[in-house]
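Opening the notebook on this one.

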Amino acid sequence: MPVPEFASPEWKKYVQRSQVLLDKLAHHSAMAPNLQQTYMTPANSKNKVYFEWDFVGRTLSMFYDINPTLQGLSKQEKEKWEDAVGRTMFTKMLILDTRPGMLDMMTETTYPEQKGAHPDFGEEILELARHLDD
C-alpha cells in the first residue's frame, strides 16, 4: 500500500520500515513452501518466519487504520497507535532474540510440528529489526 506524502514523519517511519520487513519475511527461504498457496489456503509451513510475517502484516494494517498525519486522533486511534507501536517493539524483540527464545516457544506451542525447526532470519532481517524504532 502506498505511503501518503502528507503522512507524519513518525507514521512514515513505522510504516515504511514495516513494509520492507514484511517483504523480506515474505521472500525468506523458509517461506518458499507457502509462496504457491492460493488465497485462504492454510500455509504449508507455519514456522517462525511465517509467524513474524503474519504478525508484521497485521501490525501494518493497524497503522493504516490510523490517520497518517497523527493529528486530531480519536481516543480509539490513539490507542491503536500505541498498540501498533508496541507490536513493532515486540516484533523487534522477537526477531532479535536469536537463542532459542520466546518466538521459538510461541511457534512450537501453536504449531507443534515445528518443534526444533527454527530457520535463521539472516543478517538482513536482523538488521531491519534492529532499526524498526530508530
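Here are my entries, one topic at a time.

**Ground rules**

I am working from a predicted model, where local features need pLDDT of at least 70, side-chain atom pairs count only at pLDDT 80 or more, and totals for chains, interfaces and linings use all residues. Residues are numbered from 1 along each chain as its sequence is written, and side-chain values use heavy atoms, with hydrogens and water left out.

**Entry 1: K13**

I started with K13, which sits in helix α1, residues 9–26. Helices here are DSSP runs of H or I with at least four residues, numbered from the N terminus. Is K13 buried or exposed? K13 is buried, and has no salt bridge. Buried means under 20% relative accessible area, exposed means over 50%, and partly exposed is in between, using a 1.4 Å probe on protein chains only. The nearest side chain of opposite charge is E10, 5.1 Å away; Lys and Arg count as positive, Asp and Glu as negative, and His and the chain ends are not counted. A salt bridge needs a side-chain nitrogen of Lys or Arg within 4 Å of a carboxyl oxygen of Asp or Glu.

What else does K13 have around it? A polar atom of the K13 side chain lies 3.2 Å from the backbone oxygen of D134. Leaving out residues up to four places away in sequence, K13 touches D133 and D134, where contact means heavy atoms within 4.5 Å.

**Entry 2: salt bridges**

Side chains of opposite charge can pair when their charged atoms come close.

K92 pairs with D133, with the closest N and O atoms 2.8 Å apart. K92 is in helix α3 and D133 is in the segment after α5 (123–130), so this pair ties together parts that are 41 residues apart in sequence. D133 is partly exposed, at 25% relative accessibility.

R58 and D54 also form a salt bridge, 2.9 Å from N to O. They are 4 residues apart in helix α2, which separates them by about one helical turn. D54 comes out partly exposed at 26%.

**Entry 3: E108**

E108 belongs to helix α4, residues 102–110. Which partner does E108 have in a salt bridge? The partner is K115, with the closest N and O atoms 3.7 Å apart. K115 is exposed, with 64% relative accessible area. I also noted a network in which salt bridges with shared partners join E123, E127 and R130.

The E108 side chain makes a polar contact with the side chain of H118 at 2.6 Å. That term covers N or O atom pairs within 3.5 Å; within protein, one must be able to donate a hydrogen and the other to accept it, and residues adjacent in sequence count only if both atoms are side-chain atoms.

The search of the whole structure gave me 1 cavity of 30 Å³ or more. On a 1 Å grid over the protein atoms alone, a cavity is a set of points where a 1.4 Å probe fits but cannot get out, while a pocket is an open set with protein on both sides within 12 Å along at least five of seven lines; lining residues have an atom within 4 Å of a point. The lining of the largest cavity is S18, L21, V56, T59, T88, T91 and L132.

The largest pocket is about 290 Å³, a volume being the space filled by probe spheres set on the points. Of its 13 lining residues, M31, N34, A43, Y50 and W53 lie nearest the centre.

Definitions and conventions. Helices (H or I, at least four residues) and strands (E, at least two) are DSSP runs, numbered from the N terminus.
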